[in-house]
Amino acid sequence: MKILVCISRTPDTTAKIAFADNNRKFVTEGVQWILNPYDEWYALVRAIEIKEKDPSSVLHLVTVGGPDCDVVIRKALALGGDEAFRVNTEPQDSYSVASQIAAIARDGGYDLILTGKETIDYNGASVGGMLATLIDLPFMSLAAKLDLAGNSATLVRETEGGEETVEIKLPLVVGCQKGMAEQRIPNMKGIMGARSKPLKVVEPVNVDLFTEIVSFELPPPKKGVKMISAENPEELITALHDEAKVI
């Protein structure tokens, strides 16, 4: 079994977000970066579980980004990856990222390609589907369970009011969500071993861009909390009726 896990670097949810160049450019200075949780907790950990069950499996990682992504990909290696690829270009949009990963996947002969359902910054949930199309493989999105038996994969997806179980022949691409696996923390042995694991820097392929960022907009600031004494329920009722308009 040969597995490829797609890894993305995203801002920490507590990072202060700002924009420049007439709100067209995300300001990265001072931002704390993390491994995208959907890629880490579900796609990567499920791949590690598969490898633990079948030690002959090979687990590769791939990310698209500059040298400052090395810290994140090393963390992924510390969790359990065998080898990583970093495509040496800044992500532009979902299509450009999928195209760069596709160039790696075509040459790798992978049986299973896993990605998180989306990244927590842009929430596009589109790279997995685009990747599958570019390399002509079936794609299953929002998978909460994945089991392998021979040359087939059985996947479970949550649907409105129930579950959907699908069986697909390998190779395939899977977008993973909550339920796929449980979060793990790198141990000291993994952290030390990650330093010597191969991290190959690959130059990007030429990709046409079909989108451009017109503007980013921050959400409106949250309103302050109005404190009302428990001894004055009439004021609370008036506020809920006249201001909040919920009664």
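Select β6 and strand β7 (residues 83–87) in this predicted model. The two strands pair in the parallel sense, over five bridges. Now colour β6 by accessibility. Six of its seven residues are buried, so the strand is mostly covered.

β1 and β6 run parallel and are joined by five bridges. Two of the pairings can be picked out by residue: I3 has L59 as its bridge partner in β6, and V5 has L61. Turn to β8, which runs parallel to β1 and is joined to it by three bridges. Here V5 stands opposite L114. How much of β1 is buried? Four of its five residues are, so the strand is largely enclosed by the rest of the structure.

**β8 to β12**

Keep β8 (residues 112–116) and select β12 (residues 172–176). These strands also run parallel, with five bridges joining them. Start from L114 again: its bridge partner in β12 is V174.

**The whole sheet**

Show the strands together. Nine of them form an open sheet, in the order β11-β10-β9-β12-β8-β1-β6-β7-β13, and the pairing is mixed. At the edges are β11 (162–169) and β13 (199–202), each of which pairs on one side only. From one strand to the next the twist averages 30 degrees.

Step back to N36, in the loop between β5 (33–35) and α1. Is N36 buried or exposed? N36 has a relative accessible area of 0%, so it counts as buried. Show what surrounds it: leaving aside neighbours within four places in sequence, N36 is in contact with S8, T10, E118, T119 and I120.

**Helix α4**

Move to helix α4 (residues 127–134) and show G128, L131 and A132, its buried residues. Viewed down the helix axis, they fall within an arc of 100 degrees, so they line one face of α4. They pack against β1, α3 (94–108), β8, β9 and β12. Past the helix comes D136, whose phi is positive, near 60 degrees.

**The nonpolar cores**

Which residues have the most contacts inside the largest nonpolar core? They are V5, L61, L112, L114, L155 and V174, in a core of 34 residues. Several were picked out above as bridge partners, including L61, the partner of V5, and V174, the partner of L114. The elements that give two or more residues to this core are β1, α1, β6, α2 (70–79), β8, β9, β10 (152–159) and β12.

Centre the view on L112 next. Neighbours within four places in sequence aside, its contacts are M1, K2, I3, L4, I50, L146, L148, L170, L172 and V174.

Another core lies apart from the largest one. To find it, select A98, I101, A102 and I104, which are among its 18 residues.

**The aromatic residues**

Show the aromatic rings. A search of the whole structure finds seven aromatic pairs. Start with F19 and F26, a tilted pair at 6.1 Å centre to centre, with 55 degrees between the planes. F19 has 21% relative accessibility and counts as partly exposed, whereas F26, at 17%, counts as buried. The cut-off between the two classes is 20% relative accessible area.

F19 lies in strand β3 (residues 19–20) and F216 in the loop between β13 and α6 (233–243), so the pair ties together parts that are 197 residues apart in sequence. F216 is buried, with a relative accessible area of 15%.

With F19, F26 and F216, they form one aromatic cluster.

Technical notes:
Residues numbered from 1 in each chain as written. Predicted model: local features only at pLDDT ≥ 70, side-chain atom pairs only at ≥ 80, totals over all residues. Heavy atoms only, no water. Pairing = 2+ DSSP bridges. Axes fitted to C-alpha atoms, helices over the stretch in contact; angles between N-to-C directions. Buried < 20%, exposed > 50% of the residue type's maximum accessible area, 1.4 Å probe, protein only. Arc of directions from axis to C-beta. Contact = heavy atoms within 4.5 Å. Core = buried A, V, L, I, M, F, W, Y, C linked by side-chain atoms within 4.5 Å. Phe/Tyr/Trp six-rings, centres within 6.5 Å; stacked < 30°, edge-to-face > 60°.
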